[in-house]
Amino acid sequence: MPLNEWIPQMLTGCELTLKLFFITIALSMPLGLCLTFLYTSKNPVISRIVGFYILIMRGTPLLLQIFFVYFGLPYMPLVGKYLVIKDRFNAGAIAFILNYGAYFAEIFRGGLLSVDKGQYEAAKVLGLTDMQTRTKIVLPQMFRIALPAISNEAIILIKDTALITAIGLTDLLKVTQSIVNRTTQISAFVVAAAFYLVMSYALTFVFKLIEKKFEY
Amino acid sequence: MIEVRHLKKSFGSLHVLRDIDLKVEKGDVVAILGPSGSGKSTFLRSLIDLEEADGGDIIIDGKYLCKDGKYPKNKEKKAILDKTGMVFQHFNLFPHMDIEKNLMLAPLMQKKGSRADIAALALEMLTKVGLADKLHEMPKNLSGGQKQRVAIARALMLKPDVMLFDEPTSALDPELTGEVLNVIRELSKENMTMLIVTHEIGFAREAANKILFLDGGYTAAFGSPEEVLENSGSERINAFLKKVL
Ligand SMILES: Nc1ncnc2c1ncn2[C@@H]1O[C@H](COP(=O)(O)OP(=O)(O)O)[C@@H](O)[C@H]1O
Ligand SMILES: [Mg+2]
């Protein structure tokens with residue numbers, strides 16, 4: 001098992017995996033938060049539309065969504081020609097962000113619902129504005145409640161990133177696959193599994209720290 | 001200071017407040033009594049716009065919070081209620097902030113002074129309720145009685161003229177009610193105007209100068225403790241008193 005050859009190759013694969021992971025986390029969480037606010041807004045039309053969006057994103061395979069963004073969008077009637085995303089990575093990342101945004105929206109909504117209504121009342125009698133109540137009282141508590149679910153979602157994401165190989169990108173899994181094809185040594189998969197495990201474990205560890213920090 | 005006329009409020013088909021009148025002068029301590037479900041909380045909450053009345057007037061310091069069931073714009077409501085504070089049965093402290101931040105948040109947000117002045121005021125108010133040593137504790141580390149005293153201190157940070165209390169001791173173990181009632185007694189000595197929903201008849205008799213007895217959405221009695229508790233002549237009131245004493 002020539003680890004000294006495999007590991008550098010696998011590390012280059014990890015680069016794409018991690019890049020996709022961080023871009024998705026960094027953009028899908030704010031997207032999810034916006035979706036939550038729209039979903040819980042008083043306007044029933046907006047709420048319906050966002051509800052429908054979340055339903056589609058959670059109800060269809062992420063792989064299909066990746067294909068759709070990369071291959072399907074250009075064939076859309078009328079607007080198709082403006083929706084050509086040439087860069088495979090960008091197309092994949094957009095699908096991931098749209099998909100994970102919907103999941104985070106659901107997680108945040110759950111957190112929002114479990115903030116006690118007495119908190120809103122206390123804020124109101126103390127003369128806080130709606131915006132101040134939201135940023136100082138509701139969001140911190142919502143975030144704390146949602147943390148375990150966010151952590152869970154992040155670990156799922158690190159494994160989901162492998163789906164991006166479907167549009168021809170080379171991540172950790174793809175590198176491993178080609179090593180196996182070339183050398184016929186199945187043990188390369190075991191090494192790749194170790195890589196994923198290390199990343200998942202590191203995430204779990206980081207989220208434990210964050211949870212500690214936000215404990216109250 | 002506060003005048004309420006013919007206040008009405010229903011939740012769907014449930015008429016909770018049918019016709020409530022009340023006049024509160026500066027320095028009055030009004031105990032609000034009545035059976036459970038008689039609308040005490042709804043009434044108190046309507047005085048600070050946590051419930052919207054359907055009809056009648058609420059006048060605070062000469063200004064209409066509610067006129068014939070109609071309310072002014074948010075901004076105006078806020079200005080009218082600027083001098084009214086409230087304390088809840090379940091304290092509603094902000095669990096993610098320490099005690100000092102709980103106290104300082106509202107005055108900071110409303111730009112009531114410099115950070116240093118507000119911090120000094122926070123310490124002063126905590127000292128007043130006997131909890132100066134808890135400045136940097138988190139709410140979850142306090143007993144119920146301590147939490148309620150912090151909640152009172154937090155409301156006092158905005159220098160209210162009127163304080164509303166909704167069963168401030170009902171969520172507490174019996175041995176912890178005394179410390180909270182003592183703080184309320186102190187406030188009454190400082191001439192704070194207060195409306196207190198309570199089941200502590202002894203406290204009401206001794207600390208309040210007026211008692212409002214609600215029953216079935218109506219004012220069953222309003223007057224001095226002697227008038228309401230001893231000589232009301234109302235069977236409902238006597239039956240209620242017998243039950244809670
Ligand atoms: N938000 C609400 N929606 C529907 N019914 C309510 C609401 N708040 C209170 N009620 C009802 O109104 C009645 C009076 O409640 P409340 O004012 O809390 O009484 P009290 O404080 O005297 O026990 C009760 O029957 C209660 O169930
Ligand atoms: Mg009540």
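Predicted model: local features only at pLDDT ≥ 70, side-chain atom pairs only at ≥ 80, totals over all residues.
**View 1. Residues surrounding ligand 1 in chain B.** The shell consists of Phe11(B), Leu14(B), Val16(B), Pro35(B), Ser36(B), Gly37(B), Ser38(B), Gly39(B), Lys40(B), Ser41(B) and Thr42(B). Sorted by class, four of these residues are nonpolar, six are polar and one is charged.

**View 2. Polar contacts to oxygen atoms of ligand 1 from Gly37(B), Ser38(B) and Ser41(B).** A polar backbone atom of Gly37(B) is 2.7 Å from an oxygen atom of the ligand. Ser38(B) also contributes through its backbone, with an N or O atom 3.2 Å from a ligand oxygen. Ser41(B) uses its side chain instead, placing a polar atom 2.7 Å from an oxygen atom of ligand 1. On its own, ligand 1 has 560 Å² of accessible area, and the protein covers 59% of that area.

**View 3. Secondary structure elements around ligand 1.** Strand E2 (14-24) and helix H1 (40-46) of chain B each give two or more residues to the shell. H1(B) gives the most, with three residues.

View 4. Chain B contains nine helices and 10 strands. Its C-alpha trace spans about 50 × 45 × 30 Å along the principal axes. The radius of gyration of chain B is 18 Å, which agrees with the value near 18 Å for a compact globule of 245 residues. Of the 245 residues in chain B, 56% are buried. Among contacts between residues at least 6 apart in sequence, 64% join residues at least 24 apart. The accessible surface of chain B is about 10,900 Å², with 49% belonging to carbon and sulfur atoms.

Note on methods
Residues numbered from 1 in each chain as written. Chains lettered and ligands numbered in written order. Heavy atoms only, no water. Near = heavy atom within 4 Å. Polar contact = N/O pair within 3.5 Å; in protein donor to acceptor, adjacent residues only side chain to side chain. Areas by Shrake-Rupley, 256 points an atom, 1.4 Å probe, with all protein chains shown as cover. Helix = DSSP H or I, 4+ residues; strand = E, 2+ residues; numbered from the N terminus. Nonpolar A, V, L, I, M, F, W, Y, C, P; charged D, E, K, R; others polar. Rg over C-alpha atoms; globule rule 2.2 N^0.38 Å. Buried < 20%, exposed > 50% of the residue type's maximum accessible area, 1.4 Å probe, protein only. Contact = heavy atoms within 4.5 Å.
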